[in-house]
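Student: I'd like to learn how to read backbone and packing features off a model. Can you walk me through a few?

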Amino acid sequence: MNPSPRAAALSPAGPDFLLTDTDFARIRLLIHQRAGISLSVQKRQMVYSRLSRRLRELEMREFSAYLGFLEADPRSHEWELFTNALTTNLTAFFREAHHFPLLAEHVLQSAQPVTIWCSAASTGEEPYSIAMTLIETLGSRASACSVVATDIDTQVLAKAVDGIFTLEQASKLPAQRLKRFFLKGSGAHAGKVRIRPEVAALVRFSQLNLLDPKWPLKGPFDAIFCRNVMIYFDKPTQEKILQRFVPLMKPHALLFAGHSENFSFAQQTLRLRGQTVYGLANSLSRGAA
């Protein structure tokens with residue numbers, strides 16, 4: 001029988017917790033195995049801050065007790081909370097704005113209906129920005145398109161599905177977009193906005209770990225957004241994931257990466273098509289022939 005959180009607790013939680021070098025090494029190994037995330041030694045304080053909340057919740061004083069509880073049950077729900085705690089979710093509407101005119105041009109040249117995979121949906125700003133771009137570019141034809149939005153973090157996905165944002169989160173959007181694609185909250189929702197149903201209808205959210213042996217996706221896609229994700233993976237993991245993208249891409253599909261990501265090591269498979277935008281190398285060869 002697996003121990004309960006309470007049984008594993010050494011004593012009621014105090015303000016400080018013991019995180020040894022061994023514990024930190026175990027955490028780095030476990031999150032790499034579970035999610036492919038490579039935590040540097042400089043992330044120790046971040047790990048302490050985020051996981052100490054879990055120790056308080058479970059009334060544990062030492063990280064070793066918490067890690068023992070995790071390892072005792074590989075199917076425990078706590079693994080999901082552990083992964084959520086160590087996942088960084090920095091996002092914004094139309095972040096890295098130079099990508100969206102390229103996306104608009106690309107979908108105009110693609111066969112309809114267009115399908116796009118956003119592989120790090122976070123709280124929804126990115127997939128909703130993609131959906132807005134489809135509507136602005138294709139008009140009524142966008143209703144037949146779809147955006148598959150996935151993320152490893154179930155907590156941020158729940159927020160994304162709600163589609164409710166603060167005015168501050170939407171503050172950098174032009175007034176025209178804000179009026180066209182959002183509903184203004186009132187009463188209990190004053191100071192907030194909600195994605196309009198016609199935008200939300202294009203997006204389907206689901207949980208997906210890029211390290212899972214099988215991805216429950218039906219490609220191929222016209223575009224894949226995998227932005228500011230690979231920076232958390234080591235090179236072998238990056239290469240493995242990129243190779244798995246290939247069969248899910250249409251011949252002239254685009255792969256959008258983050259501003260600090262460079263896939264030049266995969267040039268036999270992918271070729272640069274723009275600023276942090278890649279296409280399949282073999283399709284470019286055929287096009288040049």
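Student: Where does Glu59 lie?

Tutor: Glu59 is in the loop between α3 (44-58) and α4; helices here are DSSP runs of H or I with at least four residues, strands are E runs of at least two, and both are numbered from the N terminus. Before we go on: this is a predicted model, where local features need pLDDT of at least 70 and side-chain atom pairs count only at pLDDT 80 or more, while totals for chains, interfaces and linings use all residues. Residues are numbered from 1 along each chain as its sequence is written, and side-chain values use heavy atoms, with hydrogens and water left out.

Student: Which peptide bonds are cis?

Tutor: Two to look at: the bond from Gln112 to Pro113 is cis, with omega near -5°, and so is the bond from Gly219 to Pro220, with omega near 0°. Pro113 belongs to the loop between α6 (99-109) and β1 (115-118), and Pro220 to the loop between β6 (203-207) and β7 (221-225).

Student: How do α2 and α5 pack?

Tutor: Two packed helices are described by the angle between their axes and the distance between the axes. Axes are lines fitted to C-alpha atoms, for helices over the stretch in contact, and angles run from 0 to 180 degrees between N-to-C directions. Here, helix α2 (residues 21-35) meets α5 at an angle of about 100°, with axes 11 Å apart. That makes α2 and α5 roughly perpendicular (65 to 115 degrees; under 35 is roughly parallel, over 145 roughly antiparallel, the rest oblique).

Student: Which residues in α2 and α5 meet?

Tutor: Contact means heavy atoms within 4.5 Å. From α2 come Ile27, Leu30, Ile31, Arg34 and Ala35, and from α5 come Trp79, Phe82 and Thr83. The residues of this contact divide into 6 nonpolar, 1 polar and 1 charged (Ala, Val, Leu, Ile, Met, Phe, Trp, Tyr, Cys and Pro are nonpolar, Asp, Glu, Lys and Arg charged, and the others, Gly among them, polar).

Student: What does Arg34 lie over?

Tutor: A charge sits over a ring if NZ of Lys or CZ of Arg is within 6 Å of the ring centre and within 35 degrees of the ring normal. Arg34 lies over the face of Trp79, 4.1 Å from the ring centre. Likewise, the charged end of Arg244 sits over the ring of Trp215, 3.9 Å from its centre.

Student: How many aromatic pairs does the structure hold?

Tutor: It holds 17. Rings of Phe, Tyr and Trp (its six-membered ring) pair if their centres lie within 6.5 Å; planes under 30 degrees apart are stacked, over 60 edge-to-face and the rest tilted. Tyr66 and Phe82 have ring centres 6.5 Å apart and planes at 45°, so they are tilted. Both Tyr66 and Phe82 are buried.

How values were computed. Buried means under 20% relative accessible area, exposed over 50%, partly exposed in between (1.4 Å probe, protein chains only).
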